[in-house]
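Dear colleague,

I am handing over the structure below, and after it you will find what came out of going through it. Please read the notes with the structure open beside them.

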Amino acid sequence: MSRLRRLLVSGGVIAALLLPVAACDNGPSTTDDTTSPTTPTTSPVTESFSTQLFVGGSASRSFTAVKAGTATVTLVSAGTATTKVGFGLGVPDVLGSGCVFTRSSEAATAGTSFTLPVDAGTYCVRVYDVGALTSTITFSVTIIRP
Amino acid sequence: MFRSCLLGLLGGVLATSACGSNTTTSPTVEPASTSEVWSSTLTVGASKFYSFTVPLAGTVSVQMKQLTQNGAATTEQVTLGLGSPRGIDCAVSGSVVAGASDSVLLSGQQTSGVYCIRIWDNSQLSKTTAFSVTINHPKQ
Amino acid sequence: MKRLAVFGLFVCVAAGAGCQSETTQPDYSIVSPVTETFQGTLNQQGAVFYSFIVGNPDPVSVTLASLTKSSGTAVTTSVRLGFGIPAGETCSTTTALTTASGLQAQVLQVASPGVYCVIISDTGALTEPLNFAIKIKHS
């Protein structure tokens with residue numbers, strides 16, 4: 001094998017090794033993000049979380065701040081304009097109940113929002129019935145994170 | 001050229017032997033020691049632990065000189081363990097079930113670091129028990 | 001002949017480097033940063049501490065991330081948060097501050113390898129027991 005050919009082969013191997021890394025850099029870092037249709041690739045990132053909340057139930061979602069900055073979570077909608085639910089921002093609960101709060105409200109309505117400075121790390125939002133629901137509702141939460 | 005080869009090889013052998021002598025002939029000197037006394041009470045079914053710093057490698061030994069109930073010595077036994085603080089407890093690496101004694105109950109060579117003594121009732125206490133544990137370890 | 005001379009020199013340097021390594025370099029193993037979460041309940045006038053091992057001399061960050069009532073609702077009550085070394089029946093702090101919960105580290109401390117602890121205590125502000133979650137990031 002000539003020297004030139006060896007050089008070309010080596011270059012090809014290095015490029016093949018580097019390509020997947022470059023691909024990783026382009027994409028968002030969490031699996032949650034891949035299902036969110038509104039996730040851009042620049043900071044801050046906006047994610048949406050919409051699902052149903054059953055009577056006596058709760059729903060939580062974790063998200064990752066890839067760097068330090070400010071995180072804002074907003075309850076965009078929850079049933080009717082006067083429907084009150086529990087809503088909060090916090091960190092995943094290692095004991096298994098979903099999300100423990102840093103800031104929360106037991107009487108959140110559409111428009112309730114929490115903004116906190118955050119370090120890079122994993123955080124969560126949780127929406128739950130405080131006992132006021134009489135039927136299943138649909139809610140939507142927006143997460144803006146670094 | 002041949003002399004330079006020999007010099008290189010001789011240098012290597014000398015350096016290697018210097019390493020060997022450092023690790024094999026250094027004398028073991030036990031540093032001066034100090035004592036800490038931990039006195040407290042243990043309720044039925046409970047556990048407690050006490051942390052201490054060993055600044056230099058050496059022997060750590062533990063005695064439990066007193067075990068009393070309502071001010072009177074008891075023959076009931078507790079479990080004593082030596083370990084390292086972990087989480088909200090003391091992770092014990094060795095333990096002994098014992099009553100009060102002047103004997104060393106736990107002893108071992110330890111590197112410098114933070115250690116702990118854990119005492120707990122292994123279903124043998126009938127009432128709250130006062131204890132006094134003495135920890136001897138190297139001092140700075 | 002030239003190769004033999006180079007080999008002899010290599011043996012010398014390698015042996016010398018081995019000596020230096022044994023006498024001057026601490027034996028740190030490579031430890032990736034880990035996050036431990038300390039969750040529990042803080043009673044009025046109470047204090048609770050948690051011990052952990054630092055493997056590398058990197059910064060340790062401590063975040064009181066959650067402080068909630070038993071119902072789960074977050075509160076902004078201030079408590080004492082400290083970092084130190086386990087000593088006796090407590091955690092002897094080298095750094096401490098009074099803080100509410102947040103998502104940015106309240107304590108950032110460079111620590112050499114060893115055993116350390118984080119302690120949370122009531123300064124008198126608690127009117128009921130509170131649940132807490134403290135994130136400790138270290139190497």
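Contact here means heavy atoms within 4.5 Å. By that rule, 20 residues of chain C are in contact with 19 residues of chain A. Please bear in mind that this is a predicted model, in which local features need pLDDT of at least 70, side-chain atom pairs count only at pLDDT 80 or more, and totals for chains, interfaces and linings use all residues. Residues are numbered from 1 along each chain as its sequence is written, chains are lettered from A and ligands numbered from 1 in the order in which they are written, and side-chain values use heavy atoms, with hydrogens and water left out.

The interface of chain C and chain A

The buried area, that is, the accessible area (1.4 Å probe) that two parts lose on being put together, summed over both, is about 1,500 Å² between chain C and chain A, and carbon and sulfur atoms give 50% of it. On the chain C side, Gln39(C), Leu103(C) and Gln104(C) lose the most area to chain A, together 40% of what that side buries. Strands are DSSP runs of at least two residues, numbered from the N terminus; strand E1 (34-42), strand E3 (59-68) and strand E8 (130-138) of chain C each supply at least two residues of the side that touches chain A, and E3(C) gives the most, with 5 residues.

Two single residues

Ser51(C) lies in strand E2 (residues 47-54) of chain C and, at 1% relative accessibility, counts as buried (under 20% relative accessible area, with exposed over 50% and partly exposed in between, for a 1.4 Å probe and protein chains only).

Gly56(A), in the loop between strand E1 (45-53) and strand E2 (58-65) of chain A, is exposed, with a relative accessible area of 63%. Gly56(A) and Ser135(A) are 79 residues apart in sequence and 9.6 Å apart in space, C-alpha to C-alpha.

Confidence

The pLDDT, the predictor's confidence in each residue from 0 to 100, averages 79 in chain A, where 71% of the residues score at least 70. Over residues 1-37 of chain A the pLDDT is below 50, and this stretch has 16 contacts in the model beyond near neighbours in sequence. Where pLDDT is low, the predicted coordinates should not be read in detail.

With best wishes

Definitions and conventions
Helix = DSSP H or I, 4+ residues; strand = E, 2+ residues; numbered from the N terminus.
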